[in-house]
Amino acid sequence: MKDITITDTILYIGADDKDLDLFESQYIIPNGVSYNSYVILDEKVAVMDTVDARRKEEWLKNLDEALAGRNVDYLIVSHMEPDHAANIQALVQKYPEMKVVGNAKTFPMIHQFFDIDLSEHSVLVKEGDTLNLGTHELTFVMAPMVHWPEVMVSYEKSEKILFSADGFGKFGALDTEETWACEARRYYFNIVGKYGAQVQALLKKAATLDIAMICPLHGPILKENLEYYIGKYDVWSSYQPEDEGVLVAYASIHGNTKKAAIKMKEILEEKGAKKVVITDLSRDDMAETIEDAFRYDKMVLAAATYDGGIFPCMEDFLHHLKSKNFQKRTVALIENGSWAPIAAKNMKSILEQMKEITICDKVVSIKSVMKENTVADMEALAEELLAK
């Protein structure tokens with residue numbers, strides 16, 4: 001296990017997973033992911049969540065080493081998703097006198113996943129309740145729909161540590177050398193992005209706490225410059241653009257719409273766009289494209305007409321955006337079609353179902369391939385987009 005220092009009495013017992021191909025069976029994780037778990041050693045011993053079943057044996061070994069012969073008094077269940085809760089039954093069986101701590105929505109889920117009798121071994125907590133371990137005291141803060149209904153976070157006041165559940169999480173194993181923001185952003189918008197209002201509510205509660213360290217269930221422990229991380233979450237969860245820039249996302253069948261998208265990127269850059277990124281919706285990572293859509297304040301969608309509608313990968317992208325509560329952005333549309341271009345109309349109808357989306361008046365419509373007049377139309381569209 002990588003040596004992760006928290007404090008003398010709060011130890012890291014989690015595990016990295018570098019073998020998993022897709023997180024939640026949909027998100028590419030080239031640098032793996034960590035399943036974080038912690039143990040508080042005091043007069044009473046509390047384990048803060050378990051880990052995914054894939055790392056059960058490693059986790060139990062880490063726990064045994066940390067306990068050095070002691071028993072577990074409490075298991076705190078912050079989140080019932082299987083990547084954190086898979087080993088609840090194993091721990092109950094290993095420490096039959098242990099009590100499981102959760103809220104009113106936690107225990108029904110435990111019984112959905114496991115056949116265990118906790119009637120004499122459960123501690124039901126609600127907002128603001130505390131659990132005294134000796135010199136350490138945990139205060140429980142409910143965080144419903146961040147991003148499951150039973151989620152709660154715990155604040156340990158003596159060492160000023162927030163155990164933040166999936167909040168402030170990040171893709172990547174703990175020994176990955178990379179900046180926090182990119183993979184934390186991709187993680188946030190694809191997993192928690194729909195629940196901005198709920199994250200805002202949790203941030204308001206967290207603002208009343210004196211926090212010196214954040215211990216999430218995925219990703220590194222955050223010990224310094226916490227204002228930076230909290231500030232990112234505030235921007236992300238309020239759906240404000242993080243950076244000024246344009247995402248050009250294209251869905252091209254034979255390459256002609258791709259050529260137009262590349263030309264549009266060049267035009268935008270020539271006209272002074274600060275940052276322009278381009279993505280091929282047929283081939284590039286959808287989760288990263290979702291991340292970029294939320295990151296920048298403007299977007300160009302270029303799609304071929306297909307079966308009297310939109311080329312499927314563009315339609316899929318738009319439905320992903322809608323499901324993640326995409327809003328407060330400006331969008332320009334480019335369509336292509338050899339006999340009846342209709343992609344723009346269909347893209348617009350989906351965009352209009354989202355909140356506070358400004359759609360440029362001008363639509364560039366290509367008949368098969370980009371021509372000189374098309375380029376002139378794209379220049380006019382770029383001017384309108386950048387002026388908004």
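Q: How much space lies in the largest cavity of this structure?
A: A cavity is a set of points, on a 1 Å grid over the protein atoms alone, where a 1.4 Å probe fits but cannot get out. A volume is the space filled by probe spheres set on the points, which are joined across faces, edges and corners. Here the largest cavity holds about 80 Å³ of space. Please keep in mind that this is a predicted model, in which local features need pLDDT of at least 70 and side-chain atom pairs count only at pLDDT 80 or more, while totals for chains, interfaces and linings use all residues. Residues are numbered from 1 along each chain as its sequence is written, and side-chain values use heavy atoms, with hydrogens and water left out.

Q: Which residues line the largest cavity?
A: Lining residues have an atom within 4 Å of a point. For the largest cavity they include Val146, Leu162, Phe168, Leu203 and Tyr233. Helix H6 (residues 196–206) gives the largest share of this lining, 4 residues. Helices (H or I, at least four residues) and strands (E, at least two) are DSSP runs, numbered from the N terminus.

Q: How many nonpolar, polar and charged residues does that lining have?
A: Ala, Val, Leu, Ile, Met, Phe, Trp, Tyr, Cys and Pro count as nonpolar, Asp, Glu, Lys and Arg as charged, and the others, Gly among them, as polar. The lining of the largest cavity has 9 nonpolar, 2 polar and no charged residues.

Q: What about pockets: how much space lies in the second largest pocket?
A: A pocket is an open set of points with protein on both sides within 12 Å along at least five of seven lines. The second largest pocket has about 310 Å³ of space. It is lined by 17 residues, and the closest to its centre are Ile253, Ala304, Thr305, Gly337 and Ser338. Strand S18 (296–306) and helix H8 (256–270) each give two or more residues to this lining, with the largest share, 3 residues, coming from S18. By class, the pocket lining has 5 nonpolar, 11 polar and 1 charged residues.

Q: How do I read a helix, and which residues of H10 are buried?
A: Buried means under 20% relative accessible area, exposed over 50%, and partly exposed in between (1.4 Å probe, protein chains only). In H10, the buried residues are Cys313, Met314, Phe317, Leu318 and Leu321. They lie on the same side of H10 because they cover an arc of only 140° around the axis, the arc being that of the directions from the helix axis to the C-beta atoms. Their cover includes S18, helix H9 (286–295) and helix H11 (343–351). Just after H10, Asn325 takes a positive phi of about 70°.

Q: Is Ile290 buried or exposed?
A: Ile290, which sits in helix H9, counts as buried because its relative accessibility is 1%. Contact means heavy atoms within 4.5 Å. Leaving aside neighbours within four places in sequence, Ile290 is in contact with Phe189, Asn190, Phe317, His320 and Leu321.
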